[in-house]
Amino acid sequence: MEQLNDFLIKAISGTEWPMFILLIGGGLFLVVYSKFKPYRFFRHAIAITRGKYDDVTAKGEVSSLQALSAAVAATVGLGNISGVAIAIHDGGPGVVFWIWMTAIIGMCIKFYSCSLSIMYRGEDSEGKLQGGPMFYITKGLGEKYRPLAIFFCVAGIFGFLGVFTANQFTETFMSVIQPAETLFEMSDYNWKLTVGFVLAIATSFVIFGGLTKIAKVATTIVPFMVMVYLIAVIGVMIMNASQVLPSLRLIIVEAWNFKTVVTGGFWGLVIIGVRRAMFSNEAGLGSAPMYHGQSKNDEPIREGLVAMLGPFIDTILVCTFTAVVIILSGAYLEEGSGIVMTLNAFNTSLGSWGGILLMIIVAAFAMSTLFTYSYYGVKCLSFLTNAKIGRFYNWYFVIMIVFAAVASLEVVKNLIDLSYALMVIPNMIAVLLLAPKVNKAAKVYFEKMKNERAKA
């Protein structure tokens, strides 16, 4: 484990700057290049999500709302509850500001990448309609760019494992339930192994059912679990109302702390924020286009606007609430990283039942993330081989859940960070090269909308 971790740390250091330049530099370019249009049509995006513009004759497997729910299920998860805690632990409260900045830029990246996922759809070896970075790379940029698509898929086979979620769920279970004391005596290792096996079996029931089953489960769980979590954190904020503004002020002040003790100084702080924001909302990663590419929607710009809501929901809303609760409770000053820090914040603010409430929320978040992530990996392996072999990814995915339950947080976090950084590189290159195609389609779409309003 230690040797693997040392290798991952060295590899991550070589990917930090390419990821940062493509994600933030490329993202800022897209914001300016779009003339801020995605943000200006925010209300229209909500109307599309509510089904106002659904077309029953359109090609695809799921509705735009189901695609958004599935994509949000994969992102609104432990990345928001424990990912933010890890960020604050590694970089202090100021890191949250850089998470916000990355999320705002990420909204524009998702608009472009998910518009492309409808614009350049392909078919797998079984003739089923597919979307995602590998298809807009090969169809939009041409076959000579296929190595870029292969690079993305190879990184995705590791990046789309549910290891972080499985690890943090196990950590929560061990901290809240303390099974060796409350259930029956067994070593911590054996308990973690048991939790891993149970989680793997529960995940199997859904993931072997394919996309439609995953989307149905995600659409049922996601709105409910997000609502329960938001009610819990808003409750904590109301109980500590006098501390909310000082907590937000601390985030902004610390964001510009040039004398920070974080490794790498100020830029180290910014990179932690960018990395954790990408972990939270996956903008620039190329995962969401895989779901949105399956939408029953033949209008690329419409799907791009729906996808843009993802980073707003999971980062601007959920991450902010988590961060404020961690800061106002003082949990960030205590020992412990990841889910343990969030757990301390809930226990401090809500008493002993705060941990139990978080346990229930984490269980729902963990299951929905595991269901949705497996689908991404299946698509990556299917592209590299064929649809039949691609389905074997689910077995590998389930086995790795058990490994993650007993692995250390450091190994799991570094494996995902490295894989994500490697996936951003080919995806963002493709999105930037194809951005003029999206702008052209957007001009036509918004012109058509303007004419329809004028007639009305």
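The structure holds 21 aromatic pairs, a pair being two rings of Phe, Tyr or Trp (its six-membered ring) with centres within 6.5 Å. One of them joins Trp-98 and Trp-256, whose centres lie 5.0 Å apart with 70 degrees between the planes. This arrangement is edge-to-face (planes over 60 degrees apart; under 30 counts as stacked and the rest as tilted). The model is predicted, with local features requiring pLDDT of at least 70 and side-chain atom pairs counted only at pLDDT 80 or more, while totals for chains, interfaces and linings use all residues. Residues are numbered from 1 along each chain as its sequence is written, and side-chain values use heavy atoms, with hydrogens and water left out.

Trp-98 is buried, at 13% relative accessible area, and Trp-256 is partly exposed, at 42% (buried is under 20%, exposed over 50% and partly exposed in between, with a 1.4 Å probe and protein chains only). Elsewhere, ring pairs connect Phe-160, Tyr-291, Tyr-373, Tyr-375 and Tyr-376 into a cluster.

Two packed helices are described by the angle between their axes and the distance between the axes. The axes of helix 9 (residues 146-159) and helix 22 (residues 409-455) come within 8 Å and cross at roughly 155 degrees; axes are lines fitted to C-alpha atoms over the stretch in contact, and angles run from 0 to 180 degrees between N-to-C directions. Helix 9 and helix 22 are therefore roughly antiparallel (angles over 145 degrees). Their contact (heavy atoms within 4.5 Å) includes Phe-151, Phe-152 and Phe-158 of helix 9 and Tyr-420, Met-423 and Pro-426 of helix 22. By class, this contact has eleven nonpolar, four polar and no charged residues; Ala, Val, Leu, Ile, Met, Phe, Trp, Tyr, Cys and Pro count as nonpolar, Asp, Glu, Lys and Arg as charged, and the others, Gly among them, as polar.

Helix 10 (residues 163-177) also packs against helix 22, their axes coming within 9 Å and crossing at roughly 155 degrees. Helix 10 is therefore roughly antiparallel to helix 22. Val-163, Phe-164, Asn-167 and Gln-168 of helix 10 meet Leu-409, Val-412, Leu-415 and Ile-416 of helix 22.

Key: Helices (H or I, at least four residues) and strands (E, at least two) are DSSP runs, numbered from the N terminus. Angles under 35 degrees count as roughly parallel, over 145 as roughly antiparallel, 65 to 115 as roughly perpendicular and the rest as oblique.
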